[in-house]
Amino acid sequence: MKRSVAVLGAVLSTAMLAGCWDREYLKDLNLAYSVGFDLTKDKKIKETVELIIPPESEQSGTKNEIHSAVGPTTRGSSNELRARVRGNMRVLKNGVQVIGKDLALNGLKPPMDVNFRDPDNPSSNVRLIITDGEASEIIGQKEVGELKIGEFLVQKIESLEKMSLFYPPETMDKVFKALKDPGQDFALPYIGLEGKEIVAKGVALFHDQYFTGELNTEDSIMLVLLKGRSGDNARLTKKIDDGPLRGNISFNVGKKKVKRTFKVMVGKNGEVHVQLNIKLKGLIEEYTGSHPLTEESIVRVNQELSDILTRQARDVVRSLQKANCDIFGVGRELIAYHNSLWKQKDWSKEYPEVQFHTNVQVSIINTGIIQ
Amino acid sequence: MAQTEKKISARQLFLFIIQAQIGVGVLSIPYKLNETARGGAGITVLITGAITQLIILMFWLLLRKFPGLNLFQICLRLGGRVFGKLLIAGYIGYFVLLGANIMLSAVGVLQRWMMNATPTWILLGLFSIMTYYLAKEKLTVMARFYTLSSALFIPLIIFVSYGLTQARLEYMFPLMEAGIWNILKATKDTTISMYGFEVILIIFPLIDASDKKKLMIISMSNLFVTLFYVFVVSTCLMVFSSEQLRLIPEPVLYLVKSLNFYIVDRADVLFLPIWSITLVCSITSYAYAASVGLAQLFKRKSHGVFTPYVNAVIFFITLLPATPLAIRRLDVSAEYAAYLFIFILPFAMVIGSKLFKKKVERSA
């Protein structure tokens, strides 16, 4: 008797306790791999999603569908979307969100809020991308070659991160952090559509939550280097013209660690100086000149490249200041170490007046297997 | 004591106190302290630890005076029949209230973060059943379970430490932004996450060690908990800027969620069930304390008979408040009750015991 009660209890509890309310079957879900947001003319949010449809038989591959809807907010348009797609749309496997230029110009805080608020929305590994046109056009490509658009975008961004175009990866969480930090701004990958091709155009610079400027691809790499970081590779091509050493040099500075000194100093009258130096070690991958790269000429190449890159770096810093994008976190340093000064400052107004002292030093450590 | 209950070892005591002390509070103290103490939050926690240590010392002075007696027996001894019983009833109420408070916050967190659709009463019921099974047992059984579940601290600490990869020291500075006065005042917000050490009032006679060693072990537990909190709080302050922290009531979970472990996208869902075990230990300690009190009140030998009632009461208390305001009210009342029951009353008892001893000496 006692035994049967125990058995009954065990059966009942496995039947009743193991089940829970918060379950979702994968087969019932429509997973949105990539999502795009645009601002419509009447200031509403247009959401475009790429849904992955599981294969009907085991042999065939998955398919994708593109849908879009308009709503007053991000979640609002998602709800609108749910009315259009079959079943339940979920963003659990979302890997990339594309944001149209108009929306980015109008501020990211309101449309991104739901991503931070709802714990079901992934944020640790979601990339944000800005496009120079409409996000719906990018997602609307549906497939690029053999790849579905979402996979393509993720792979593209990841490979460009390895090439130091955007590094370290700007995920949703990092953007959240920068959005809320008065002393730190951020930059996001900037892509565009050229004909049928999706092309990386560099980075989009942000001030507070607004899109305020852009850098081209070469300058994006410089920006990454100025942050003291680099992906696996960081390739630059420069033309040098120094006596016999005339020609184009392609070199890679991503193989060795970037040495960076970053100091924020405050002058007597409260003016802010920033010392920003980087030391790069380069490997020559291509050189079109006729003069062999002997030891003496490498010294001159180093000199020449350092000059060129210093000029480029200063240009980059100027563009950053013009866009009011405090990507190095100068403001954060001021908050931490010069707090009373920070409180007197209106940082959005004063950041463009910060005096940067930027220098880049290049030393070539390898010329490949020929001189 | 006439009862021949087995005693727990010193090592078990160490882990017992830690398990009882670490509760749901730590998930939100970085948030609370960011409001008041800003960068100085770590200092606040250290001060709170020191204050806790003083209270522990006071408890020890009290308990040492009455060898072999627990809090309830001391109440009877000092307060006499009527007043002593009233005191015991008060303490039982206090333990039930605190247990309910922890359970309510725990379930709140679980629901917000991972179980949106599960009804509250189911979660509360499951917690109650778990605590019932533990709290009805003898102390040694509980201690063994606590020791076992202490292994779970390792993954918790690893999760939080992993957050250090995203840390930036500048976020914490300037340390003294809020001013020393605010940093001191903020200790009020942290005390509630330190509670739990008061179980020594009940288990003190059941420990197999000398009085001095007991004090040392308890102090070690307190030190461990304080340092653990300092670590968690500083990590959160270094990972989030203070403007961001202002929006995140449970920064520890948010931190764990934002970590990327390659395969695992949402580590907070792994973190929470592990954390729940620690919470169960905290609630169990209170349920046990309350049951022992009831056993004393009704002069029964075993406390296990009363545990179901205690758990039922906790369950129904936690069912009552539905709005955030009501939950907040429960929180505040638990806080003030704690001031009364772990500071004022024991202090009065220490004073009382001095007088009492004199009386005994005189009559002898």
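Student: Is the crossing of helix 5 of chain B and helix 14 of chain B right-handed or left-handed?

Tutor: This is a predicted model, in which local features need pLDDT of at least 70 and side-chain atom pairs pLDDT 80 or more, while totals for chains, interfaces and linings use all residues. Residues are numbered from 1 along each chain as its sequence is written, with chains lettered from A and ligands numbered from 1 in the order in which they are written. A crossing is left-handed if the near helix is turned anticlockwise from the far one by less than a right angle, and right-handed if clockwise. The crossing of helix 5 and helix 14 of chain B is right-handed.

Student: At what angle do helix 5 of chain B and helix 14 of chain B pack?

Tutor: Two packed helices are described by the angle and the distance between their axes. Axes are lines fitted to C-alpha atoms, for helices over the stretch in contact, with angles from 0 to 180 degrees between N-to-C directions. Helix 5 (residues 120-135) and helix 14 (residues 267-297) of chain B pack at about 55°, with their axes 9 Å apart. That makes helix 5 of chain B oblique to helix 14 of chain B (under 35 degrees is roughly parallel, over 145 roughly antiparallel, 65 to 115 roughly perpendicular, the rest oblique). Helices (H or I, at least four residues) and strands (E, at least two) are DSSP runs, numbered from the N terminus.

Student: Which residues of helix 5 of chain B meet helix 14 of chain B?

Tutor: Contact requires C-beta atoms, placed from the backbone, within 7 Å. Helix 5 of chain B brings Phe127(B), Met130(B), Thr131(B), Leu134(B) and Ala135(B).

Student: At what angle do helix 7 of chain B and helix 14 of chain B cross?

Tutor: Their axes come within 10 Å and cross at roughly 145°, and the crossing is left-handed. Pro155(B), Leu156(B) and Phe159(B) of helix 7 of chain B make the contact with Ala267(B), Phe271(B), Ile274(B) and Trp275(B) of helix 14 of chain B. The classes are seven nonpolar, no polar and no charged.

Student: Where is Pro174(B) found?

Tutor: Pro174(B) is in the loop between helix 7 (153-162) and helix 8 (180-185) of chain B. Phe173(B) and Pro174(B) are joined by a cis peptide bond, with omega about -10°. In chain A, the bond from Tyr167(A) to Pro168(A) is cis, with omega near -10°. Pro168(A) sits in the loop between helix 6 and helix 7 of chain A. Ser164(A) also lies in the loop between helix 6 and helix 7 of chain A, and has a positive phi near 65°.

Student: In what sense do strand 14 and strand 15 of chain A pair?

Tutor: Strands pair if DSSP finds at least two bridges between them. Strand 14 (residues 259-266) and strand 15 (residues 272-287) of chain A are antiparallel over eight bridges. One of the bridges links Val264(A) to Val274(A) in strand 15 of chain A. The hairpin has five residues between the strands, and Gly270(A) takes a positive phi near 85° in it.

Student: How many residues does chain A give to the contact with chain B?

Tutor: Chain A gives 19 residues and chain B gives 20 residues. Helix 10 of chain A gives the most to the side of chain A that touches chain B, with four residues. That side has eight nonpolar, four polar and seven charged residues.

Definitions and conventions
Contact = placed C-beta atoms within 7 Å. Nonpolar A, V, L, I, M, F, W, Y, C, P; charged D, E, K, R; others polar.
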